[in-house]
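Visitor: Hi! I have a protein model open and would like a friendly tour. Can we go through it together?

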Amino acid sequence: MAKIVVFGSRGNIGGHLVETLYPQMGQELRLISSSQEGVSDLSARYPNADTRYGDLSSPESIQAAIKDAERVFVMYPDFEFDEEASTLAMIQAVRDTPTIKQVVRLLGVVSLVEEDDIPLSFRQQPAMPCWVHFRGRQLWRQSGLPVTFINPWSWYMQSLPWLAARGVVEQDTFCLPFSHTLPYIDTRDISEVAAKVLTEPVEKYVNEELALTGHEDDCFSFEELAEQFSEHLEREISYSGSISLFEQLLGEGAAPLLKYIGWEQSIVKEYRAHTDTVERLLGRQPRRFADWLRQTREQFAPLMVEAG
Ligand SMILES: NC(=O)c1ccc[n+]([C@@H]2O[C@H](COP(=O)([O-])OP(=O)(O)OC[C@H]3O[C@@H](n4cnc5c(N)ncnc54)[C@H](OP(=O)(O)O)[C@@H]3O)[C@@H](O)[C@H]2O)c1
């Protein structure tokens, strides 16, 4: 019987969560993807697991995905989802599934943000991440169901290729407008915390919120990120806060990001948060920014222009 259902099994966090759990728990995992290609990919990589199609936007599909399971890990893709409707459907599905003992829900709500800080326009579909996580937490708390929140108070290192690689690769420029100082976390640490929570006795973390950051010395402004890139990629990377350059580099994806990052900068200019959750649960220091950057440096390698 599948004990743990993982939504987002091919994502940054869900992907490494599955890699971590599979060696010990292969047959007890149910891996969910919302595409047939994803299901085939997961079946090939994890032949002992129960791999299934599942769509978080469909109440029937959620119900089928968690049937007879004991624990559920749920996260959502950014900027594109009606998370409120999906969360309400998941709450109903958990109520209808008496075998479920724990839901582990990924959040992204920093400690400084209160409900009134989130503009009303951010709550309309497609809602901004700050609102969907805030609202998701409210709904789960109100449900009274056994939930553990995993709440990184940090930006993911693994988001930087998406946000900034093109400028670094093509122009030796780290372009990200609205600079402010934030903690950065390697998503593999989030996954390993989630794996710990999902394999310890349920009572240990149920109804808790685990706030996570990376290493306390890995808080950077965007200018400081450009300096880190110069140092660890061993070539000069300049910083640009130009909105027009960012729009040119990111295309259509730039608009929601600019809206979100501009708002976040207006709330927090200098956010040097640190929690000891990674050390406490995993018994080691968080992974470091410099190591992640050196490991992924090929994603930021300069474009080779052919001579002649
Ligand atoms: N980036 C940051 O700095 C940061 C910081 C704090 C919190 N967060 C939060 O972290 C989350 C993103 O995590 P991530 O980076 O691990 O995500 P990700 O890599 O973008 O993965 C998203 C996953 O969602 C799955 N998915 C997409 N549509 C689906 C659907 N209809 N039904 C079921 N699954 C679906 C995709 O799998 P398939 O395609 O296989 O279905 C994919 O595995 C967001 O909620 C974000 O707000 C991000």
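Guide: Happy to! This is a predicted model. Let's begin with strand S6 (residues 147-152), which pairs with S10 in the parallel sense over 4 bridges.

Visitor: Which residue in S10 is the bridge partner of Asn151?

Guide: That is Ala211, in S10.

Visitor: What is the order of the strands in the open sheet of 7 strands?

Guide: The order is S3-S2-S1-S4-S5-S6-S10, and the pairing is parallel.

Visitor: Which strands stand at the edges there?

Guide: Strand S3 (50-53) and strand S10 (209-212) do. Each has a single partner strand, so one side of each is left without a neighbour in the sheet.

Visitor: And what does the twist average from one strand to the next?

Guide: The twist averages 15° from one strand to the next.

Visitor: What holds strands of a sheet together when they pair?

Guide: Strands of a sheet pair through backbone hydrogen bonds, and the pairing can be parallel or antiparallel.

Visitor: Let's switch to helices. At roughly what angle do the axes of H1 and H7 cross?

Guide: Helix H1 (residues 12-25) and helix H7 (residues 187-199) have axes that cross at roughly 50° and come within 8 Å. The two helices are therefore oblique to each other. Their crossing is right-handed.

Visitor: Which residues make that contact?

Guide: From H1, the contact uses Asn12, Ile13, His16, Leu17, Thr20 and Leu21. From H7, it uses Thr187, Arg188, Ile190, Ser191, Glu192, Ala194 and Ala195. By class, the contact of H1 with H7 has 6 nonpolar, 5 polar and 2 charged residues.

Visitor: Next, H3 and H4. How do their axes cross?

Guide: The axes of helix H3 (residues 59-66) and helix H4 (residues 83-95) cross at roughly 40° and come within 9 Å. H3 and H4 are therefore oblique to each other, and H3 passes H4 in a right-handed crossing.

Visitor: Which residues in H3 and H4 meet?

Guide: Pro59, Ile62, Gln63 and Ile66 are the ones in H3. They meet Ala89, Met90, Gln92, Ala93 and Val94 in H4. This contact of H3 with H4 divides into 7 nonpolar, 2 polar and no charged residues.

Visitor: What about H4 and H5, then? Roughly what angle do their axes make?

Guide: Their axes cross at roughly 20° and come within 10 Å. That makes H4 roughly parallel to H5, because angles under 35 degrees count as such. This crossing is right-handed too.

Visitor: Which residues of H4 and H5 meet?

Guide: In H4, look for Glu83, Glu84, Thr87, Leu88 and Ile91. They meet Val132, Arg135, Gly136, Leu139 and Ser143 in H5. The contact of H4 with H5 is made up of 4 nonpolar, 3 polar and 3 charged residues.

Visitor: Last topic: what domains does the assignment give?

Guide: The domain assignment gives domain 1 (4-145) and domain 2 (155-186 + 214-273 + 283-302). Their C-alpha centres lie 26 Å apart.

Visitor: How many residues of each domain are in contact with the other?

Guide: In this case 9 residues of domain 1 are in contact with 9 residues of domain 2. On the side of domain 1 that touches domain 2, the residues divide into 6 nonpolar, 2 polar and 1 charged.

Conventions. Residues are numbered from 1 along each chain as its sequence is written. This is a predicted model: local features need pLDDT of at least 70, side-chain atom pairs count only at pLDDT 80 or more; totals for chains, interfaces and linings use all residues. Axes are lines fitted to C-alpha atoms, for helices over the stretch in contact, and angles run from 0 to 180 degrees between N-to-C directions. Angles under 35 degrees count as roughly parallel, over 145 as roughly antiparallel, 65 to 115 as roughly perpendicular and the rest as oblique. A crossing is left-handed if the near helix is turned anticlockwise from the far one by less than a right angle, and right-handed if clockwise. Two residues are in contact if their C-beta atoms, placed from the backbone, lie within 7 Å. Ala, Val, Leu, Ile, Met, Phe, Trp, Tyr, Cys and Pro count as nonpolar, Asp, Glu, Lys and Arg as charged, and the others, Gly among them, as polar. Domain bounds come from an automatic or database domain assignment. Two strands pair if DSSP finds at least two bridges between them.
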